[in-house]
Amino acid sequence: MTRRLVVEADGGSRGNPGVAAGGAVVIDPESDTVLSEVGVYMGIATNNVAEYAGMIAGLEVAFERHPDAAVLVRMDSKLVVEQMSGRWKVSHPDMQALARRARTLIGGRDVAFEWVPRLSNSRADAAANESMDRRESFRRDLDSGPA
């Protein structure tokens, strides 16, 4: 049976561009247990770049925990969800590079993307805001058991 994980990812910029960070949580969907939290401090960046950074960081942690997991990425960024699902073109050069990086990371793995309302993405939003407040990246593994 394939292991399933959920990555909730978000990004924010205080000003656009402004102080920015991405955030993500990796979740066991069977128990709704948060396995890891990650914040990626970007310095000055746009909100969309921070959204991509949060998604990439979440995928990296999920695949580190379980390299063959099927992952559902939930985000409140319709832009990133549609671009990563292949329905919308990625036209901005900075985001093209991030989309390529994400696709390389995903490779042939089973990864799906789902848009969620902002209020349903509060855990990832909190991680991004913590990283912006601290002006540094962080990672917390909250469940040391097998992922």
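**Figure 1. Order of the elements along the chain.** From the N terminus on, the elements of this predicted model run β-β-β-α-β-α-α-β-α-β. The secondary structure comes to four helices and six strands. The radius of gyration is 14 Å, close to the 15 Å that the globule rule gives for 147 residues, so the chain is as compact as a globular protein of that length. Along the principal axes, the C-alpha atoms fill a box of roughly 40 × 35 × 25 Å.

**Figure 2. Contacts and surface of the chain.** Of the 147 residues in the chain, 50% are buried. Among contacts with a separation of 6 or more, 70% are between residues 24 or more positions apart. The chain exposes about 7,200 Å², and carbon and sulfur atoms supply 49% of this area.

**Figure 3. The largest nonpolar core.** In soluble globular proteins, nonpolar side chains tend to be buried together. The largest nonpolar core here has 34 residues. Tyr52, Met55, Val71, Val73 and Met84 have the most contacts inside this core. Two or more residues each come from β1, β2, β3, α1 (47-65), β4 (70-75), α2 (78-84), α3 (93-106) and β5. Helix α1 gives the largest share, ten residues.

**Figure 4. Surroundings of Val71.** Val71 is one of the residues with the most contacts inside the largest nonpolar core. Apart from neighbours within four places in sequence, Val71 is in contact with Leu5, Val7, Leu59, Ala62, Phe63, Asp110, Val111 and Ala112.

**Figure 5. Helix α4 and its buried face.** Helix α4 covers residues 122-134. At 1.5 Å a residue, its 13 residues should span 18 Å, and its end C-alpha atoms are 18 Å apart, which agrees. The buried residues of α4 are Ala124, Ala127, Ala128, Ser131 and Met132. Seen down the helix axis, these buried residues fall within an arc of 135 degrees, so they line one face of α4. They pack against β1 (4-15), β2 (18-28), β3 (33-45) and β6 (138-141). Just after α4, Arg135 takes a positive phi of about 55 degrees.

Figure 6. Pro117 lies in the loop between β5 (111-115) and α4. Pro117 and Asp76 are 41 residues apart along the chain, yet their C-alpha atoms are separated by 5.5 Å.

Note on methods: Residues are numbered from 1 along each chain as its sequence is written. This is a predicted model: local features need pLDDT of at least 70, side-chain atom pairs count only at pLDDT 80 or more; totals for chains, interfaces and linings use all residues. Side-chain values use heavy atoms; hydrogens and water are left out. The expected span of a helix is 1.5 Å times one less than its number of residues. Buried means under 20% relative accessible area, exposed over 50%, partly exposed in between (1.4 Å probe, protein chains only). The arc is that of the directions from the helix axis to the C-beta atoms. Contact means heavy atoms within 4.5 Å. The radius of gyration is taken over C-alpha atoms; the globule rule is 2.2 Å times the number of residues to the power 0.38. Accessible areas come from the Shrake-Rupley method with a 1.4 Å probe; for residues, only the protein chains shown count as cover. A nonpolar core is a set of buried Ala, Val, Leu, Ile, Met, Phe, Trp, Tyr and Cys residues joined through side-chain atoms within 4.5 Å.
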